[in-house]
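User: I have a model open and want to learn how to read its features. Please walk me through them one at a time.

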Amino acid sequence: MAGECFPESPKLGDMAEEDLWELINDNRHRISLGVRPGILIPYLRQARVLTEMDEDEILSCHNLTNRSMRTSYMLDLLRTQARNGAVALLESLMIHYPTLYTQVTGCKPSTEPSRFSGLIKYSELTEYLVRAVTGMQKELQEARCEASRKSARCASLELEIREIMEMADKSNCLQSENERMQRHVCSLQHDVTKLKDEKCDLYMRYTAAIEEKSAVNMRLHDLNLQIYQLQTELQKAQTENEFQKRRSLRCAYPAETPQLQEEVRSLRCQLVKAEKLDPARQDILVQDLAEAIDSQVELAEQLRCYREENEQLLREKQALLDQMECLSLQVQQLTLDCKMHQQKSTVIQNQTKELQAERDQAYLSRDEAQTMIARILAEKDTLRCQLVELQERVFSVQAKRSSREQRQSCDGESEVDWESPSSSFEESSLTPPKVPNRRRLCRMDAVNPMSMHSSFNSECEDASSIRSRNVEPPSPESLRRRKKALYEDRSLEAVETEYLLDDFVFLPCVEGEDEHKPGLSPSKDSSIDSMSRTSVPPFLMRSRQKAIRVNGRVFSISLQGEALLGQLAVVGGNKTGVFVHRVTEGTAAHTVGISPGAQIVEVQYEQNQKALRMVLEDSTLEEAMWALGQVTGLCHLSLRPRQDDYEALLQQLQSSETSSGDSFYVRVNLSLPAGPNWTLPVSCNDILHVTNTRPAGTEDSWHASKVHPCQLLDLQGGSVPNYYRAQRLLIRAIEDMSFQTKKSQKVWRVVPNKQKTVRIVGTRRQGRNPLWVSVENENTKSAESGDTSAPKSCLTLMPYSLVTPHFPPVCRPVLLLPTILGNILNKKIADWQGFQLCEPEVLSCSEHAARQQRSEILEECEQERSCCYTLQSVEKVMKKGIHCVLPLGLDCVRRLHRAEIFPIIIFIGQSARSARKLKSKLQRHSQSEDRLLACSRSEEPLLDKLPCLFHSVAPDSWCDQASLLTNLRTIIWEEQKKVVWVGPEMW
């Protein structure tokens, strides 16, 4: 039977290429679901059908989000290797997945050497099989251990689930019992209601009986009155009868006697009738009265019984209410227990999910570690080859140097030109090179560090550097020349003070100006400290007159300002103003009447026969202390009394609500790791909230906090270098980037997603910034109108840029870069719900000129001159509450910002590989890959000049147009929630 299930089919080497790939493609779905690429790749690498770059792309590409996609991509790569790829794949399946191999080929797997195609040597194949078996045994052991742990965990979870189910059953029983008791209580309440209704009926009947009794009593009273009247009439009739009888006896005539007798008879009859009628009526009335009394007694007895029954029902009702309260408490307790068990079950489920996530993360980390180890081994092999080459070059250089030193011993000592690494050693031996002074970077134009490399070789012919850019290690002679050149270079730092002092606007120069310029210490650290205390820092430059705000009464005081900071102490900052905090008794400041609570608006003094005026109304505490420390003679202080604001500031300082009166936001233009003097690591383009420019105990750092991206909330806080110190670090970083070796540049090209470390921004064409103090020359104000020449200006690198927050209330427009790729994707994005493409407007000549003058035209269409994109068309789309897709370039950003419209700028990075993914789309729009790369390279340097932040998409973060659009939708949704930080314009 086994022979029938697994027939001995021909060897793989006997099958044609198309048959092999047809066999694989028929089972492609099964292979994609059941194969892990990381297991097959070592064999495929050894069979030389996959390269290291292919392995890196399969395992590390972010676009391949699951194992099936990686396996499918690996099959596509193997398809390019024709027949060898198919044979190697089937052999690897035979080794690592024998069951799958049987399902695919219908053959029984075998590890005999004759069954392999010969892509790998026999010795290498044997070694690989041994490693594979060992690895499988280890994986099997680990899988068994993991299965045992998981089974134990599952058993414990099942036990907990059983307990929870039992508790749930108990809870259900209690709930059913509670429902039954509630139904019983409802029925009892219904009975009580019926009893109340019956009681009400009895009360009505009792009332009716009482009314009937009253009516009977009234009738009895009336009958008694009638009896009394009849008795009275009877007595009266008897009296009259006797009177008539007596009268008749006295004077009766014989003729009238019969008549009288007849009347007597009639009267007697009437009397008899009256006497017979009275007892009957009296008996009737007595009987009625007795019946009424009996009914009254019966009603009273019934009322007493009903009262007793009512009291009994009330007692039963109270008992039922007490029982209901006890049951409600039990129900609440059971509900809490049920919720607690539900929470426990939820926690257990979350823990299970976390364990699964940790397991997946561990698998990913293991795969990444394997990938990194493979990459490191490859780099190690490359470095070994380079080391061998370097050693050979060192031997040749040492031989040439020995011959050159013999020739130089007779002609005198000469130095080797280290300027151009491309010049040959034979030319340097014939012509003695000259070592000019090292070129300084503090005043050069701001350029991109990556673009400086293209012009670096041409500049090396005129300027030299003591840094070696060759691969050979430095010789002792080279080290001696470096030490000498460094000493000469430090002497040039004194010249830097001239550039710093030239940033101020002084009175016309006086003879012998150079003699008074301070110099720097030879030591690097001491030079930096002395510069920060005595020389003018570059961030205090002013290029135009400041518009002074006058809020209240300002008075001026003149005094001798020798050691002015020793006479008075100041607190505050740019947010609250700089106030006098303490005045030393016996000093000139105390003598002229300066008291705490006065705000220092400006200070005027003379230095080196030059009149200076520094406006400190909006300056930081650091700038104010530096400005007051420069006063050396007679000075004039302009003060404004603000005692209430000063006391409020002191209360905030005492309650630790704030550490100073400084508060402003800056954008960092360089990456700074945490150092010994500052504790907050920052990256380029981070936003910081500076709250203290002079923390206690430090002179070269600020206290700042990182800002939440979606709201004005301070996050991690710490100390960062101050403006002057950060500027020095920025210049050093640019020097290091300028003199990097070709190897480091090659490594940089291999890692295109490396985070940006420097953003070069200069102070040229900048307005006033709270980071700068105002230094003005009063004597030159009158001559400004007549002097048409431009003021002396130089570019100073800015480590921090001042920014202000904005909160757009509606959906922001979307601008995609590079422009060529944006034109392709704009229509796709406009088809989404909540997006609309900006439509151009047709304008007449007069309307075009008027809107052009008001800067309302963003860009003109290339097809028609009268067709333009305007601000009104963008605002029209934004009023609908949707995103406006801008088919424009970077030039529209400045006009949009002036109109308080802040677009979402997304730059999609390009590489040769990513451009190939869009080849068909580019050809459809009459574009090419070279044009796209050229457009990306030309627009990327312009992004640093934008006054706002932008989002950059890495070129290898997407694999096709669909994934790119998905990433763009997520980016737009995230950017819409963020705070917009806008700085000064750079163009």
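**Reading strand S7**

Analyst: All residues of S7 are buried: Phe664, Val666 and Val668 point one way from the strand, and Tyr665 and Arg667 point the other way. Buried means under 20% relative accessible area, exposed over 50%, and partly exposed in between (1.4 Å probe, protein chains only). Strands (E, at least two residues) and helices (H or I, at least four) are DSSP runs, numbered from the N terminus. This is a predicted model: local features need pLDDT of at least 70, side-chain atom pairs count only at pLDDT 80 or more, and totals for chains, interfaces and linings use all residues. Residues are numbered from 1 along each chain as its sequence is written, and side-chain values use heavy atoms, with hydrogens and water left out.

User: How many residues of S7 are buried, and what follows from that?

Analyst: Five of the five are buried, so S7 is largely enclosed by the rest of the structure.

User: How do I read strand pairing, and which strands does S7 pair with?

Analyst: Strands of a sheet pair through backbone hydrogen bonds, either parallel or antiparallel. Here, two strands pair if DSSP finds at least two bridges between them. S7 pairs with S8 in the antiparallel sense over four bridges. Four bridges also join S7 to S12, again antiparallel. Take tyrosine 665: its bridge partner in S8 is histidine 689, and its partner in S12 is valine 803.

User: What is the strand order in the whole sheet?

Analyst: The order is S10-S9-S8-S7-S12-S21, an open sheet of six strands with antiparallel pairing. S10 (714-721) and S21 (980-982) are the edge strands, each pairing on one side only. From one strand to the next, the twist averages 45°. Axes are lines fitted to C-alpha atoms, for helices over the stretch in contact, and angles run from 0 to 180 degrees between N-to-C directions.

User: Which helix packs on this sheet?

Analyst: Helix H21 (residues 723-738) does, touching S9, S10 and S12 (contact means heavy atoms within 4.5 Å). The direction of H21 makes about 75° with that of S10.

User: How do I read an aromatic pair?

Analyst: A pair of aromatic rings is described by the distance of the centres and the angle of the planes. Rings of Phe, Tyr and Trp (its six-membered ring) pair if their centres lie within 6.5 Å; planes under 30 degrees apart count as stacked, over 60 as edge-to-face and the rest as tilted. The count comes to six aromatic pairs. One of them joins phenylalanine 664 and tryptophan 702, edge-to-face, with 5.9 Å centre to centre and 90° between the planes. Phenylalanine 664 lies in S7 and tryptophan 702 in S9, so the pair ties together parts that are 38 residues apart in sequence. Phe664, Trp702, Tyr723 and Tyr800 form one aromatic cluster.

User: Which charged residues sit over a ring?

Analyst: Among them are arginine 969, with its charged end 4.2 Å from the ring centre of tryptophan 832, and lysine 977, over the face of tryptophan 973 at 3.9 Å. The rule needs NZ of Lys or CZ of Arg within 6 Å of the ring centre and within 35 degrees of the ring normal.

User: How many disulfides are there?

Analyst: A disulfide is a covalent bond between the sulfur atoms of two cysteines. With a cut-off of 2.5 Å between the sulfur atoms, the count is zero. For cysteine 959, the nearest cysteine sulfur is that of cysteine 61, 6.8 Å away. Cysteine 959 is partly exposed, at 32% relative accessible area. Cysteine 948 is buried, at 3%.
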